[in-house]
Every structure is written in structure tokens, then in C-alpha cells.
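Biologist: I would like to go through the side-chain contacts of this chain with you. Show me the model and start with one residue.

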Amino acid sequence: LVRHGEPEVESIGFETFKGVVAEHLLARSPQDEMRRAFQLFDVHGSGKIDAFTLRRVTKSLGMDITEEELNDMIVEFDVDKDGMISEEEFMNVMSLMQD
């Protein structure tokens, strides 16, 4: 907080709060953002996304995806063919989409 003009305080003003949050957001890398996106889907913290969870999350985001499209997503992302999407698989696909 010192570099935002708030040395040794117990509370901060709104402008300082905005500055700290903006600095934090600008410091994020695309990989950090992809990792955070994966964590939104990985609701159980298992490091994997299964079809049931993918369906539930896409519905909660208002995405109308058919079962066929959902299965196609799993097949496309699932390199090791375990029926689930790992963080590594997710990151690989998302990286390809950025190029």
C-alpha cells in the first residue's frame, strides 16, 4: 500500500483500492487467466473436468450446448482418453486458440 500512497493504515480509500485491483489485474498473464478459467470448471478441485460438470457449468453460464457438442468438446480436449479434461489438456487447447 505504500506505493499507492497509503503507508501504515488499517483501511484504504476507494481510489487506492481501485489502483491496487487495477495493478493486480494488469499483472495477470494469459496463462494465469486460463488457469483461473479451468478452476471455474473444476468445481470439485480434482484437477479434472468430467462431462457432467462441463454440462452443469456451461448451463450456468447460459450456454446452450447439445450433448453431441459437449461430447465433441471432451473428445477434442481429452488427449489421454480418460474421459475427462485435465488442467494440462485445457491449457494446451486454450493456448492453441490464442494463436
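Biologist: Is R55 buried or exposed?

Modeller: Take the cut-offs as under 20% relative accessible area for buried, over 50% for exposed and partly exposed in between, with a 1.4 Å probe and protein chains only. The relative accessibility of R55 is 13%. Therefore R55 counts as buried.

Biologist: What kind of model is this?

Modeller: Local features need pLDDT of at least 70, side-chain atom pairs count only at pLDDT 80 or more, and totals for chains, interfaces and linings use all residues, as this is a predicted model. Residues are numbered from 1 along each chain as its sequence is written, and side-chain values use heavy atoms, without hydrogens and water.

Biologist: Which residue forms a salt bridge with R55?

Modeller: A salt bridge needs a side-chain nitrogen of Lys or Arg within 4 Å of a carboxyl oxygen of Asp or Glu. Here the closest N and O atoms are 2.9 Å apart, and the partner of R55 is E67. The pair is 12 residues apart and links distant parts of the chain, helix α3 with R55 and helix α4 with E67.

Biologist: Helices and strands by which assignment?

Modeller: Helices are H or I runs of at least four residues, and strands are E runs of at least two. They are numbered from the N terminus, and the runs come from DSSP.

Biologist: Which residue does K48 pair with in a salt bridge?

Modeller: K48 sits in strand β1, and its partner lies 34 residues apart in the loop between α4 and β2. K48 is partly exposed at 23%. The closest N and O atoms are 2.4 Å apart, and the partner is D82.

Biologist: Which residues are linked with R35 in a network of salt bridges?

Modeller: R35 forms a salt bridge with E87, at 2.9 Å between the closest N and O atoms. That pair joins helix α2 to helix α5, 52 residues apart. The network links R35 with E87 and D32.
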